Amino acid sequence: MGIKSFQGARKQQQTTAQATALKVRDYMSTNLITFRPEQTVQEVVESLIKYKISGGPVVNDRQELVGIISEGDCLKQLSESRYYNMPLEHDNVEKRMAKDVETIDGNMDVFDAANKFLNSKRRRFPIVENGKLVGQISQKDILKAALELKGENWNSTTKG
């Protein structure tokens, strides 16, 4: 049995990987837990715990993105409510959410999205199309995409 040269297979593999760009839309979550501006922070905290998430998009009645609320936003409210002796149910999402929300294009390459995560220190980015929230990409979604790509590379070098 002779020695196989894997150099040729790698070159073919790189062209295939380059031709098949991984897009954010292929890995974004579309079944989202969303919040409304009029909801109480207490309701948000209950949802964050129930669904084991760290935050989520805030949408209006037309499913337009108006903000994002996170665990950190809820913690700030909790801390202030204790200081001012105000119960959680007296504060709503609109007062606590981040309103200046950066989004990502669903057609963006996942590796460009990974760089955007690194540069922005954010944990999630919403995806908006035609003014409506259509999905969200998280750092974990990007990691899943990278694992899938690596798995495809390993499979293609072991075949044939």
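1. Let's start with a pair: Arg96 and Asp91 join their side chains in a salt bridge, at 2.7 Å from N to O. The term asks for a side-chain nitrogen of Lys or Arg within 4 Å of a carboxyl oxygen of Asp or Glu. Both partners, Arg96 and Asp91, are buried. Here buried means under 20% relative accessible area and exposed means over 50%, with partly exposed in between (1.4 Å probe, protein chains only).

2. A word on what you're looking at. This is a predicted model, in which local features need pLDDT of at least 70 and side-chain atom pairs count only at pLDDT 80 or more, while totals for chains, interfaces and linings use all residues. Residues are numbered from 1 along each chain as its sequence is written, and side-chain values use heavy atoms, with hydrogens and water left out.

3. Now the overall layout. The protein has six helices and four strands, and from the N terminus they come in the order α-α-β-β-α-α-α-β-β-α. Helices (H or I, at least four residues) and strands (E, at least two) are DSSP runs, numbered from the N terminus. Of the 160 residues, 32% are counted as buried. Take the contacts with a separation of 6 or more: 61% of them are between residues 24 or more positions apart. A contact is heavy atoms within 4.5 Å.

4. Back to charges. How many salt bridges does the count come to? The answer is seven salt bridges. One of them brings Arg123 and Glu71 together at 3.8 Å, N to O. Arg123 is in the loop between helix 5 (110-120) and strand 3 (124-129) and Glu71 is in helix 3, so this pair ties together parts that are 52 residues apart in sequence. Glu71 is partly exposed, at 36% relative accessible area.

5. Glu102 and Arg122 form another salt bridge, at 3.5 Å from N to O. This pair links distant parts of the chain, 20 residues apart: Glu102 is in the loop between helix 4 (93-96) and helix 5, and Arg122 is in the loop between helix 5 and strand 3. Glu102 is partly exposed at 32% relative accessible area, and Arg122 is partly exposed too, at 34%. Salt bridges link Glu102, Lys116 and Arg122 in a network.

6. Lys116 turns up again with a ring: its charged end sits over the ring of Phe125, 5.8 Å from the centre. To qualify, NZ of Lys or CZ of Arg must be within 6 Å of the ring centre and within 35 degrees of the ring normal.

7. Asp73 is one to click on. It lies in helix 3 (residues 71-84). The side chain of Asp73 does reach the backbone nitrogen of Ser70, at 2.9 Å. Setting aside neighbours within four places in sequence, Asp73 is in contact with Ile68, Arg96, Met97 and Ala98, and Arg96 is the residue paired with Asp91 above.

8. Next, some backbone angles. Most residues other than glycine have a negative phi. Lys52, which is not a glycine, has a positive phi of about 55°. Lys52 lies in the loop between helix 2 and strand 1 (55-59), and at 75% relative accessibility it counts as exposed. Gln63 also has a positive phi, near 60°. Gln63 is in the loop between strand 1 and strand 2 (65-70) and counts as partly exposed, at 31%.

9. Ile53 is partly exposed, at 25% relative accessible area. Not counting residues up to four places away in sequence, it touches Ile33, Phe35, Ser47, Leu48 and Glu71. Ile53 and Ser70 are 17 residues apart in sequence, with 9.0 Å between their C-alpha atoms.

10. Last stop, Leu32, in the loop between helix 1 (7-19) and helix 2 (41-51). Leu32 and Val134 are 102 residues apart in sequence but 9.0 Å apart in space, C-alpha to C-alpha. Leaving out neighbours within four places in sequence, Leu32 is in contact with Pro57, Leu133, Gly135 and Gln136.

Terms used
A polar contact is a pair of N or O atoms within 3.5 Å; within protein, one must be able to donate a hydrogen and the other to accept it, and residues adjacent in sequence count only if both atoms are side-chain atoms.
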